[in-house]
Structures are given as C-alpha cells and as structure tokens.
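Dear colleague,

Please find the structure below, together with its sequence.

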Amino acid sequence: MKTPELKCDFVGGAVGHRRRFGGGKQQDLPKALGFRGRTVPVIVDATAGLGRDAFLLASLGASVTMIERSAQVHQLLSDGMRRAAATNGELAEIIGRMHLIHGDARKLLPDLAAETILIDPMHPPRSKSALVKNEMRQLRDLVGHDPDCAELLRIALDTASKRVVLKWPRRGEPIPGFPAPSHQIVGKSTRYDVFMR
C-alpha cells in the first residue's frame, strides 16, 4: 500500500476534530502554557513541525509565532496555512494569529522577546516495539533527530519572560543538566514540563 504524502492539513482530519471537540482550554497543552480564564498567552512555538499545536493554540485566541528550521517542513506549513485561510472566515481568523518564521530557534529566540516558549523536539526513539504513527515517521525522516534540544531548552530558559514548556514523552528521562520543572502536567502518553521564570 502506498504511503500517503506528508502534508499539513488544518481543515479536516485529526486537527479539525481536535479544534471542534478536543476540550478547548481544558486540554493539557493550553493549561501548561498558561491559558486561564480570560488570560491568553503570547506564545513562541520554537519547534513548529506540522503546526498542529500552534493551530490549536491559535484557535483558542493565542498569537503564536512558529519557528521551523527545515525548509521542506516550512514549505508544508506555509501551504497548509494558505489552504486553511482560503477555506472560510473562521479558519482565516485563526491562521491570522499564526506567524511562521524559517530559521533556527536557537539563533532567533534571543531577539523575539518571548513571553512563553513551547519546545516539542523530536522525541527519543521508543524503547518499545510499537511503531510511531506513519506521519511522524515521515516527519522524522525529513528533519532527523534533535541532538541540540538541550541547547534549545537552555536558550529558551534564558530568554522567556514568563514560562517555558517542554513537551516530552510521559516516561521519558529528563534532559540532563537542568533543574526540575516548576510543575508537570501528565497525560496518557505525553507530559508537559513547565518551567516558570
């Protein structure tokens, strides 16, 4: 069976379903990033990937600056955003809160005066035999691993004025050399390590 082409879809599929039925601000990610009542954070997504988290956050009213260093993934994101914005006014409004930058977050973060930074690096390979979703395998093939995620986390902690959130496998070992997070939000397969500044 032919592998589906990797694309960025903000209209249908899992992303569309999550926007409509995912639980809004009560989801773990928004809670980790500081959504509370009428408080809506200004966020830098330092590892944009396919933009799913950024789209969710923008759908909840946040302004999200996305940084993606892979030229191919940046192009997928740009195409997906363009298609979504052309679909209807509601999606165009959400996409209007998403700002895409091509570059290395380690170099860009110091100049962005970020309040809240989200880091979702390529997670370490699983020790179990279960395969990750095909889409994530394709993305990993494009961008490789993130051997510099510790450096990115250090820069984020130096530059964020409010908080840094590291999205990490639930049972993943902490990145060595960093203090314990201020708190954690733990889901079924993912945890959010929250470092308050």
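Please keep in mind throughout that the model is predicted.

The chain as a whole

The protein chain contains 8 helices and 7 strands. It has 197 residues, of which 44% count as buried. Among contacts with a separation of 6 or more, 68% are between residues 24 or more positions apart. The accessible surface comes to about 10,700 Å², and carbon and sulfur atoms account for 51% of that area.

Helices against the sheet

In helix H8 (residues 149–159), the buried residues are Cys 149, Leu 152, Leu 153, Ile 155, Ala 156 and Leu 157. Their cover includes helix H6 (105–108), strand S4 (116–119), strand S5 (163–169) and S7.

The nonpolar cores

In soluble globular proteins, nonpolar side chains tend to be buried together. Which residues touch the most other members of the largest nonpolar core here? They are Phe 10, Leu 33, Ile 43, Phe 55, Leu 57, Val 64 and Met 98, in a core of 33 residues. At least two residues of this core come from each of helix H2 (28–33), helix H3 (52–59), S2, H4, helix H5 (89–95) and S7. The most is given by H3, which contributes 5 residues. Apart from this core lies another, of 21 residues, among them Val 44, Cys 149, Leu 157 and Leu 166.

Phe 55 and its aromatic partner

Leaving aside its neighbours within four places in sequence, Phe 55 is in contact with Phe 10, Val 15, Arg 19, Leu 91, Ile 94, Ile 95 and Met 98. Both Phe 10 and Phe 55 are buried. The structure holds 1 aromatic pair. Phe 10 and Phe 55 form this pair, which is stacked, with 5.1 Å centre to centre and 20° between the planes. Because Phe 10 lies in the segment before helix H1 (13–21) and Phe 55 lies in helix H3, the pair ties together parts that are 45 residues apart in sequence.

A closer look at Ser 63

Beyond its neighbours within four places in sequence, Ser 63 is in contact with Pro 41, Val 42, Ile 43, Arg 97 and His 99. The C-alpha atoms of Ser 63 and Val 44 are separated by 8.5 Å, and the two residues are 19 residues apart along the chain.

With kind regards

Note on methods:
Residues are numbered from 1 along each chain as its sequence is written. This is a predicted model: local features need pLDDT of at least 70, side-chain atom pairs count only at pLDDT 80 or more; totals for chains, interfaces and linings use all residues. Side-chain values use heavy atoms; hydrogens and water are left out. Buried means under 20% relative accessible area, exposed over 50%, partly exposed in between (1.4 Å probe, protein chains only). Helices (H or I, at least four residues) and strands (E, at least two) are DSSP runs, numbered from the N terminus. Contact means heavy atoms within 4.5 Å. A nonpolar core is a set of buried Ala, Val, Leu, Ile, Met, Phe, Trp, Tyr and Cys residues joined through side-chain atoms within 4.5 Å. Accessible areas come from the Shrake-Rupley method with a 1.4 Å probe; for residues, only the protein chains shown count as cover. Rings of Phe, Tyr and Trp (its six-membered ring) pair if their centres lie within 6.5 Å; planes under 30 degrees apart count as stacked, over 60 as edge-to-face and the rest as tilted.
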